[in-house]
Amino acid sequence: MRFEAFLVLTFFLGQNSAQGPPVNGPRAVDPGWFALQNARVVLKPGTVLEAASILVRNGLILDVLVGAAPNGAFVIDCTGMTIYAGFVEPFCPTDVPALDPATSDKHWSPMVQPQRSALDGAMVPLADRTALRNLGFTAAAIAASGGILKGTASLVQLDEPSDSAPTRIIRKGTYQLASLQTRSDGYPDSEMGAIALLRQTLLDGLWYERCQLAVAANPALSITAPQPSAALMAMVSQRQLPLWFDVQDELQALRALRIAAEFERSAVIVGSGMEFRRLAALAKGKTPIVVPLFVPEPPDVSTAAAIERVSLRQLQSWEQACSNSKRLLDAGVLIAWTTARPLVRKDFGKRVREAMACGLTADQVLAALTTAPAQLLGVQDMLGTIEKGKLANLTVMTGELFAEKTEVRDVYVGGIRHKVSDKKDAGLDGTWSWTDGWPGQASITAPVLTILGNKITTKVGEEECKSSGVVREPTTVECRLEGKALGVDQVYWLRAYREGDALAGTCIAPDGRSFALRAIRLPPPPAKPDEATPKDATKPPSQDPLPTPLGGYGTLSYPAAMEFVIQGATLWTSDDRGIISNGAVHVRDGRILFAGASKDLPKVSPDVLVIDATGKHVTPGIIDCHSHTGISRGVNESGQAVTAEVRVQDVIDPDDVNWYRQLAGGVTLVNQLHGSANAIGGQSSVVKVRYGVAHPDEMRMQDAPQGIKWALGENPRRANNNGQNQRYPNTRMGVAALLRDRLAAATTYREEHAAYERLKSSARTALLPLRTDLELQALTEVLADTRRIHCHSYRQDEIFMLCALAKEYGFKIGTFQHVLEGYKVADAIAASALGASAFSDWWGYKPEAYDAIPENGAIMHDAGVLVSFNSDSNEHARRLNTEAGKAVKYGKVAPAEALCFVTRNPALQLGIFSRTGSLTSGKDADLALWSDDPLSYAARCEATWVDGRLLFSLAADAAARAGIASERQRLIGKALALGKGHTAREGDKKDAYWAAEDLTLDYCCSSCEGGR
Amino acid sequence: MFATQARIAWLLLASTGYLFAQDLVPKSSPQANPVVLTNAVLHTMSGSVLVGGTLWFLDGVIRGVLAEGLKPDLPPRSEPIVIDLKGKHVFPGMISAHTTLGLVEISSVRQTVDTDELGEMSPEAFAAVAVNPDSAAIPVARSNGILAAGVFPIGGLMPGRASVMQLDGWTNKDLTVKANAGPIIAWPQQIVIDVSRWPLLRPDTGAENTKKARKSIDDAFTAAQAWLEAHTADPKVPLDIRHEALVQALRGEVPVFLLAEDLEQIESAVLWATGRKLRPVIVGGRAAGQCASLLRDRHVPVIIDGIHRLPQRDDSAYDESFTLPKRLFDQGVMFCIATGMDFSTDRNLPYHAATAAAFGLDREVAMLAVTLRAAEILSVSDRLGSLSVGKDATLFVADGHPFDLPTVIELAFVRGQKVDLRNKQTELAQKYRERYRQMSGR
């Protein structure tokens, strides 16, 4: 239907339109009927016709045939040319004005503007149109930039609109575009906040649609139905469109795919160029990826200081980026290419050749530029191949696609020719020696003329003459020659043209005499060997599988669960048995089969690995009940005081090398908490330290009870922020009031939803469907005791306050976190909370931390509170064993019990003690092996197993270090061989590596003092 | 021979008083009687460990450090207080070599933060005049055997001068061991400018700024030298207190403390300072292991600013900072170990050293790094750092090694005066334990 309309439109192309002005004078008739003759025609990837002609009429391909074109068509000779289907740019960001701020009909968040259309804006600016055409692109899908829900994209022709011929639209509303963009001045200022806002809006769209259906069935409901909303209406109308995600890095891509799956949308990822770093996870769902040929600049290796800063991961990302497309295709992912990311257009051809050097075939290149984007945009019936009936979008090249010397000659956009380049040399280039006609040739030496493009050099013998005023046309060249060596007159005007194999011309002397000249071509000088970059520097990188995560400590495959016995060690069981000397642990299939005295170990098959650990110690894997490790792009959604809807689980960063460092400190499980800037913060995430898994979701501890961060005191009051606080609450009174209000709201929400659920489906039709509110939904889980509050707290008054609130609403608090004055009100904590999770000995960093004491843990423990110690710091997390030791020092807690502060107790607080947290048979084999008493600073962690997989060992660490050293040396050498040039600097968004890098600072500074 | 009464009166002193927000412990009266510690394991740090040894002191100064069987040569008619340590350990007080202890009470409250004078160059500021002897943080550090500290102002290119303070006394005058331990220079790093965050800066501004900042430091020393020569020749040349603050450093009487972490930063700092005939001390020193021969050959010591730090780069060894002391030791560089510049965590000083010991450093050498080496680097080894005759009786008695967490510091003396080892935190613990005792009706 749409296609038919297009056909009619093109017929009158450039002559008429309903809105156009009347013609001033006789009309011009362009038959729009021509043939590209005698070309090599690549119909589609893999199918080539030699000496073929393409017949075009009215903007469409009329026919493709071998041989000459039939009469009637204007013939364009394409001898020596190769013709491809016009390239399609699937993602071209364009500026679209924001919605009128005065209108009331808009979403509360300026990040949500799905009602926008890319066609409302500037379309493709002229410079971009030209640049794209110069590369061979003929059509582009334009999409609004900015925001989380950005509106719809449309596919347009890349030709020049004029008054009478506006930009030609091929298809309106080809896809809905989303991103996980954040703001610096409001909600969402974190990636998890962006995900929450996107999910809530998608839910609201579905709800709005159900409301409309309900009203249609029962018009009486229209009185209470939601107000008309352009944004939600757009969400409804776009629900059938593919949802495209513009992502910053490969982890965002995985997050986007999770959202698409949740809402059953067909997704396409507009990638970062760094997809190869998470290849396996991304390839799994076979979601198509629009890949930018965006590669990092060579890292700066110019000085010793620069080398000190560059990481192996950066070097590897730089080297391997050109293999991205090849790796994705080999993994079975459909890819289309885009030029959207910065700096790429200029170097596009070079990038393509680099990708081809990695093994990409010419057919794969062509597909990524033609058939793939056409398919993703749903226009394979119109674009992508050269076929009868399709749009006459064609790219004429002088040779093989993107070969070094190949140029784009012409592109045809809907049947309209755009000249990209002229044939530069009509045989003029070369070195010419005058054989005949030079003035005074008998007595003086005639000059030798070298023409190279627009450059002319003239030599008489060894002496060079001045040549100026050069005018170079396709077939002629004109200049003025000056110099004593030229003889009597010393100045001549010269004009020359090709004639047969010779160069013919006219020379005019100052006195007006003219001479007819003739020259023959001298043989070209022998080509100089290529002295540019040494071969090694440009050699394509190895195509071998890459480690996960990319960097020094990743592995090619996630270690397998081992069967082994540790024998002779002192076991700190963290269960009723306390410490067992000369113990043994038998692990198989990721579980502890046996842990107890060596003498009681059942017989083990002789081929099982036995680790002699005489004199050593084994503990359960350490559990950190308060961590911010591995949370991408913002630990805290601080745009609002209540953010129960955001989830840390959405933004797990499996690449964070701190995971590895914590494994080296015996840590196997972590409670990832949201920050403390909000009275009600985001949902927390319990992960095992499965460093090296393919997908971040695999780190999550399945079936662990849900959690949520709350915060009391100075931080939610924003008391430690500079400047005036404008956000409620400003006092501890306000914190208490806000919490109570949200619990009241959640109670109402729960009751409404429960009542609705109880209704028969027939009764429900008489009602409007209920809206799902992600924030209140999470809070109803708190009320139902299915979501544990982990509450940042300092002073005794606020601890009491929350205990009272929990009593009023009848739920149990999970843990008080930090809980620096917990020792003052341990009885209340014991009564109202599952436990307390504290620092061992931090104090003094703010007023509410002034009464902190290192005996806090011990006193609470003695008063019956379940106590854990945590890190809240990437650095501290590596030393939780000795933090537990401080409970012995400062409170005389028995050693076996003190170790439980970082094993059993946090496991109980997180509700996972049935699975981990002690050396008990049947539990997950999460273990650490220590050289000495684990509570002592003399102890080094020698090995750490998670689920029976050896994820850290001193031997493997030593091997990794050796590997890092040699890889660094190789890559730095490769970067050096490229010589100077632009080098990537930290944070430069124009560099593919830094554009994909999460530059969020560590929550705590490196020495771990700071803003808790 | 022993005056029992005197001993009892002296020991009682410790239990008087109450404590709250500040150090409210009355100080013991000046030492009148010789104190003799017998049957001790003396970790002299300057020599061997003396098992069954005797140490005695008078007027705040160590008079005898004796091997088993030797009798102290007490003054005639003195009434010594003799304490039989029954095999317990005596160590010189540990020294937190790089801290803000006494200059800060609560980090987030500006009114209590006295570390950073205005301007890039403020060498006239020195810590000793502003250390609050009643800071609650001092007794907290003291309780774990930290009995002296190098207190450093921070901020700007030349934040001021460090002072060495003992950690007990009535006034900050009492506390001061060395008011001017040397000027501090935050040696500028070669900054990598993030062009996306600072779009108006040209990419090379970082290097230019570094050069400029380094030159301004050099200029300050040149100007001070010129002033010193003029002022010496003609005392009527007016006093310039900024120049005056650098005089001792110019004369080589005190070192200059150069804060530097990166390789280039350390190397250029050392070359600059030795070129000016100054006595550099590197503070920070993360990359010191990579230029060890330079440091060794030019006799430049390093204050390693914290062992419990994260590695520099993603691909650095996880134990990079844990093994730094061992690497420096093996290459002959002199160093001491500090906690990383936080006033509230000085009590963890021995644990930084203990971690270095777990990662390869000899345990004795690690202990030296928080005692004698710190005293030497801060130029106070004439008074502190070892159990040696003639030095201050600033020492503590413990039931084990301070690197071991369960070790209890049982007794401590600062310049011969007994230290009350309680602090705000022990008192709060006691107060609230009483609450639970009452609640349980016991």
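Modeller: Helices (H or I, at least four residues) and strands (E, at least two) are DSSP runs, numbered from the N terminus. On that basis H24(A) gives the most to the lining of the second largest pocket, namely twelve residues. This is a predicted model, in which local features need pLDDT of at least 70 and side-chain atom pairs count only at pLDDT 80 or more, while totals for chains, interfaces and linings use all residues. Residues are numbered from 1 along each chain as its sequence is written, chains are lettered from A and ligands numbered from 1 in the order in which they are written, and side-chain values use heavy atoms, with hydrogens and water left out.

The second largest pocket holds about 810 Å³ of space. A pocket here is an open set of points on a 1 Å grid over the protein atoms alone, with protein on both sides within 12 Å along at least five of seven lines; lining residues have an atom within 4 Å of a point, and a cavity is a set where a 1.4 Å probe fits but cannot get out. Volume is the space filled by probe spheres set on the points, which are joined across faces, edges and corners.

The lining of this pocket comes to 41 residues, and those nearest its centre are A:Gln316, A:Pro547, A:Gly551, A:Gly552 and A:Gly554. Four elements of chain A each supply at least two lining residues: helix H8 (312–320), helix H13 (535–538), strand E40 (949–953) and helix H24 (954–977). By class the lining divides into 21 nonpolar, twelve polar and eight charged residues (Ala, Val, Leu, Ile, Met, Phe, Trp, Tyr, Cys and Pro are nonpolar, Asp, Glu, Lys and Arg charged, the others, Gly among them, polar).

The loop that runs from H13 to strand E25 (564–572) of chain A contains A:Pro549. A:Thr548 and A:Pro549 are joined by a cis peptide bond, with omega about -10 degrees. Chain A also has a cis bond from A:Tyr187 to A:Pro188, where omega is near -5 degrees; A:Pro188 sits in the loop between strand E9 (169–179) and helix H3 (191–217). A further backbone feature is A:Arg633, a residue other than glycine whose phi is positive, near 45 degrees. A:Arg633 belongs to the loop between strand E30 (622–627) and helix H14 (657–663) of chain A. Most residues other than glycine have a negative phi, and most peptide bonds are trans.

The largest cavity holds about 180 Å³. Its lining has 16 residues, and the closest to the centre are A:Arg878, A:Arg879, A:Ala939, B:Phe322 and B:Phe359. Eight nonpolar, four polar and four charged residues make up that lining.

As for confidence, the predictor gives the complex an ipTM of 0.93 and a pTM of 0.92. Chain A averages a pLDDT of 91, with 94% of its residues at 70 or above (pLDDT is the predictor's confidence in each residue, from 0 to 100). In chain A, pLDDT is below 50 over residues 1–16 and over residues 1004–1011. Chain B also averages 91, and 90% of its residues score at least 70; its residues 1–21 have a pLDDT below 50. Where pLDDT is low, the predicted coordinates should not be read in detail.

Methods: Contact = heavy atoms within 4.5 Å.
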